[in-house]
Amino acid sequence: MPWAVGGLRLGRDWVAAPDPAALRTRWAALAGAEGAERDRLFRPSRSRTPTGSAAALPGQRSAATARFADAPGPCPDPVRVLREPFDEQWLLPDQRLIDTARPELWRVLDEHQLFLVETPEPLVTAHLPAGRLGRIRPLHRRPGGAEPNLAPGLLPLLSERHGGRVTPEDVLCWILAAGRPGPRGYEVPLAADPERWRAGLDLGHRLLTVQLRGARGGEAPRLPGGRRPYVRSAVGGWPHGLSYDAETGTLALGSGTVSPVPAGAWEYEAQGVRVLESWFAARTAHRGPEADGLAALGPAQWPQSWTSELLALVTTLALLAELAPERAAFDPGPSLPAAELRAAGVLPPPAWSRRPASVLDHQEEGPGGQFALL
């Protein structure tokens with residue numbers, strides 16, 4: 001996957017939140033403020049200030065491009081993003097508020113797109129990654145899944161080698177199963193043996209199904225039998241802590257409880273942090289002592305939708321924990337030799353494949369309503 005893009009740099013935490021209603025409240029507060037109070041709430045940076053303008057984000061036609069101080073415009077509809085590993089939140093899609101929004105990623109964001117995020121354990125999402133995650137590799141270089149972000153010649157070579165049509169999603173699944181961090185970056189050995197290739201695809205497809213969590217019209221993964229987590233007592237008011245009882249498999253959020261929660265879900269870590277604890281901390285951050293300004297605006301009561309999200313997250317982490325030993329033990333077998341990859345034109349990938357494709361089929365509104373000359 002030659003084309004890689006650095007992660008989005010938001011510049012200010014208040015532009016993203018677990019609750020879309022909180023983002024609309026923050027927008028209204030900022031749009032109604034003036035002068036020094038507006039600057040305090042905005043939190044200016046070198047890249048973005050209330051008196052600066054920016055181009056509209058591709059695909060977000062409602063976004064304004066005038067200076068925010070002059071004409072903030074209506075609040076754009078929040079969009080779903082991946083903020084931290086397995087933590088789906090919401091973002092205000094207005095480039096005037098985001099230090100580095102990566103427009104090239106927004107141009108290829110559609111219902112066909114998947115993003116591979118370079119973390120110690122590879123992570124795939126259908127939502128735009130918008131956090132401190134790692135480099136982002138889109139599966140497709142153009143909207144509509146028209147051109148895979150793969151080294152030219154790779155798909156024909158693998159199809160011939162393994163006796164059947166290989167799709168871009170197959171390669172993505174193989175990466176999930178066989179990729180490992182190495183001294184030269186993230187390394188993906190390509191199997192020479194068709195049987196090892198098929199075994200890797202089977203494991204990778206299961207990993208992908210769990211990670212996507214029902215996105216793109218798929219069915220959300222479930223734990224079999226009576227192992228599905230349920231709400232045993234509702235979360236009332238606002239929970240002040242998260243705890244886990246390993247003996248009973250119970251997760252407690254204040255007075256609310258969820259069970260059964262497998263130990264693997266509770267212990268599952270990403271980037272050295274327990275995912276469930278990080279998820280809970282993100283939803284209580286606006287009530288913490290460090291919350292200030294717009295970041296302190298959030299729901300007064302625990303939303304029921306968050307409990308539903310928690311149940312789905314527990315299921316995802318439990319299934320991934322069960323697959324982890326199989327993935328760790330997976331042996332890709334002998335690799336395709338570099339000489340064969342060079343002969344097929346796969347290595348080295350051409351320079352153009354490392355750059356974004358030209359996908360502009362319409363004019364994009366620039367700062368202050370100006371249109372770029374293309």
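Which residues in helix 6 meet which residues in helix 9? The close-ups below start there. This is a predicted model, where local features need pLDDT of at least 70, side-chain atom pairs count only at pLDDT 80 or more, and totals for chains, interfaces and linings use all residues. Residues are numbered from 1 along each chain as its sequence is written, and side-chain values use heavy atoms, with hydrogens and water left out.

**View 1. Helix 6 meets helix 9.** On the helix 6 side you'll find Leu203, Arg206, Leu207, Val210 and Gln211, and they meet Thr316, Leu319, Leu320, Leu323, Glu326 and Arg327 in helix 9. Contact here means heavy atoms within 4.5 Å. Sorted by type, the residues of this contact are six nonpolar, two polar and three charged (Ala, Val, Leu, Ile, Met, Phe, Trp, Tyr, Cys and Pro count as nonpolar, Asp, Glu, Lys and Arg as charged, and the others, Gly among them, as polar). Helices (H or I, at least four residues) and strands (E, at least two) are DSSP runs, numbered from the N terminus.

**View 2. How helix 6 and helix 9 cross.** The axes of helix 6 (residues 194-212) and helix 9 (residues 304-329) come within 10 Å and cross at roughly 160°. Axes are lines fitted to C-alpha atoms, for helices over the stretch in contact, and angles run from 0 to 180 degrees between N-to-C directions. The two helices are therefore roughly antiparallel to each other (that label needs an angle over 145 degrees).

**View 3. The buried residues of helix 4.** Leu154, Leu155, Leu157, Leu158, Ser159 and His162 are buried in helix 4 (residues 154-162). Buried means under 20% relative accessible area, exposed over 50%, partly exposed in between (1.4 Å probe, protein chains only). What do these buried residues pack against? Their partners are helix 5 (168-178), helix 6 and helix 10 (338-343). Just after helix 4, Gly163 takes a positive phi of about 70°.

**View 4. Ala178 in helix 5.** Ala178 counts as buried because its relative accessibility is 4%. Leaving out residues up to four places away in sequence, Ala178 touches Glu187, Pro189, Phe330 and Pro332. Glu111 is 67 residues from Ala178 along the chain, and their C-alpha atoms are separated by 26 Å.

**View 5. Ser259 in strand 13.** Strand 13 covers residues 256-259. With 11% relative accessibility, Ser259 counts as buried. Its contacts, not counting residues up to four places away in sequence, are Arg228, Pro229, Tyr230, Arg232, Gly249 and Thr250.

Methods: Parallel < 35°, antiparallel > 145°, perpendicular 65-115°, else oblique.
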